[in-house]
Amino acid sequence: MAKHTHEIRDPIHVFICLSSAEREVLGSRPFQRLRHIHQLALTYLVYPGATHRRFEHSLGVMGLATRVFDVVTLEDNLTGRLRSELSELHENRDYWRKVLRMAALCHDIGHLPFSHAAEKELLPDGWTHERLSAELIRSEEMATAWKHLKIDPEDVVKLALGPKEALKLDLGLEFSPWETILAEIIVGDALGADRMDYLLRDSHHAGVAYGRFDHYRLIDTMRILPGPPSEENDQGGEGLALGVEEGGLQSAEALLLARYFMFSQLYCHPIRRIYDIHLKDFLKGWLPGGMFSTEIEDHLQMTDTEVTVGMRKADRDGGHPAHHHARRIQRREHFKVLYQRNPEDFAVNPEAGQKVYDALSEEFGGEHFRHDRYPQGSGRPDFPVQLANGQIASSQALSQVLDRVPSVSIDYVFADRSTMKSATQWLQEHHDEVIQPQSEEEGDG
Amino acid sequence: MDRLRKAAVITRLAQSLRERGSWCGETHIQKTTYFLQELLGVPLEFQFILYKHGPFSFDLRDELSALQADELLRPEPHPPYGPKIVTTERAEYIQGLYPKTLAKYQEKIDLVTDRLGPADVATLERLATGLYVTRTAEGVEDAATMEARADELHRLKPHISVEEAGEAIREVDELIEQAQAVAC
């Protein structure tokens, strides 16, 4: 007898199941390409186990998003008011469950080689990996699969991007409250399945325990709730949001703490960061015109494999314009940390790193240094919590932990090894004057 | 405007809101920054889009997080509601570095916070969306009338009645007149 459900083993979620029609999406060229896109770029040069790919992460997001959907749409878990507001759920639950699963599966298919590391400066204006994802979902490559699944690709695009990215990209998409909630299940800032999976998976593969949290408990307590009240005379209830029952608050705290630790210990590790910068420098010198193509066929052809082969060739070719950048990665001759944010300098100037970088570049030449400033955004997202008496409260108001989760903010200046000693010595001599912020009293106003 | 100057302006705006009795949560800073930038032309360079509760900037949300990481702003809990945002001593130190920038924009900050400081989040949503609708309708003859803008505001935010929308558009027009006086 023909098999209609297929199981895929997964180190995080044990089994992930798909139907035969869903497996067509899995087998498409845009999705299979993700087998060759590292989830964490060149992080494996620092944490050797971190060689996992977007392919398995995307499967994991689909698995988790489905579990969240099944919990939050249970009749017993919907309050009376929400039952009447979410007409799409009652009219077409199976359709939207399928769309949600496919949007979760495809939410990353537009990623460039080596994921985030290469994106910002390597695409034309107005392009991001989210826009490429939308183009791929709408493309002929996937049209047959959508037809067999009987779903509208525009619905998949909406849920895969969410209102935040769709609005930023000005794609002209409008979201109903129901579609907004479904997108939040996948890409939500607070409790999205994307975030849950990458923390668990990156933590597992990198071999660091920081990213773990009790996602079973968290998912069981998730609910669709009215938005949290923001001030005394606000009753809340404007719009809907994904939140938790009071009993799930500790699991949600653990998720946001995991995120803090993973950013501070793994994602913002200085050597990982400088490899990202060297990779960007290499790609600018290696790609035609210094940018990735946004043509669908070119995108499908370009993976980490092509970039790695190009990098190895450029390393061997002393005349290649990107030779030095390739060599830094291939031979582990990366720049080293010369300066990093510290409390004393920070008290004088929160942008001390930029000052140090500018001064060193002027003294020794900009090619010897790189500056990396990253303030983590959306560090403390608010979400509604349903109290035992049915009242809705703000998570930030209820939780003393969430209120205190720090934001990660890094400020590194890196130097090449040949300049490190003289630059360090020069900075020691000029440190105090270099980091001073330029006051308008000095005449630059 | 560079980041520290921008930080000086945003933290001064937050201080000014609190001095006028505002709850001063993220929504209050979002909407008043929208007025400061889009109505009064203070070049803060945030990208605003029409989101769940009116004009909203994800860049500004990230910057508010970054200002907290830089210890220039601090959330003050008020259970069971969302936190108020307060400025720190370090914010005053940063403001002290940019007296000319702040002097240049103080009158504009005062106008926005005098008018919007006492407003609750629902009022801020109505007014900010009213300004958004007005700006979108600029130069489009049929869409620029008061009635047409009120209808559009009601269409975008159905929970705002046509009467409330009309009142919001009238208030926005008053603010535009006042803003033109400050700009002169």
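I looked up Phe369(A) and found it opposite Ala415(A) in S9(A). I'm on a predicted model, where local features need pLDDT of at least 70, side-chain atom pairs count only at pLDDT 80 or more, and totals for chains, interfaces and linings use all residues. Residues are numbered from 1 along each chain as its sequence is written, while chains are lettered from A and ligands numbered from 1 in the order in which they are written.

S6(A) and S9(A), residues 409-415, run antiparallel and are joined by seven bridges. Strands here are DSSP runs (E, at least two residues; helices are H or I, at least four), numbered from the N terminus, and two strands pair if DSSP finds at least two bridges between them.

Next, the sheet: I get three strands of chain A, open, ordered S5-S9-S6, with antiparallel pairing. S5 (336-340) and S6 (369-375) of chain A are the edge strands, each pairing on one side only. Strand to strand, the twist averages 30°; axes are lines fitted to C-alpha atoms, for helices over the stretch in contact, and angles run from 0 to 180 degrees between N-to-C directions.

What lies across S5, S6 and S9 of chain A? Helix H13 (residues 270-286) of chain A does, running at about 115° to S6(A).

Then I checked the chain boundary: 32 residues of chain A are in contact with 32 residues of chain B (contact: C-beta atoms, placed from the backbone, within 7 Å). Elements giving two or more residues to chain A's side are helix H8 (153-168), strand S8 (392-394) and helix H19 (395-398) of chain A.

Conventions. Two residues are in contact if their C-beta atoms, placed from the backbone, lie within 7 Å.
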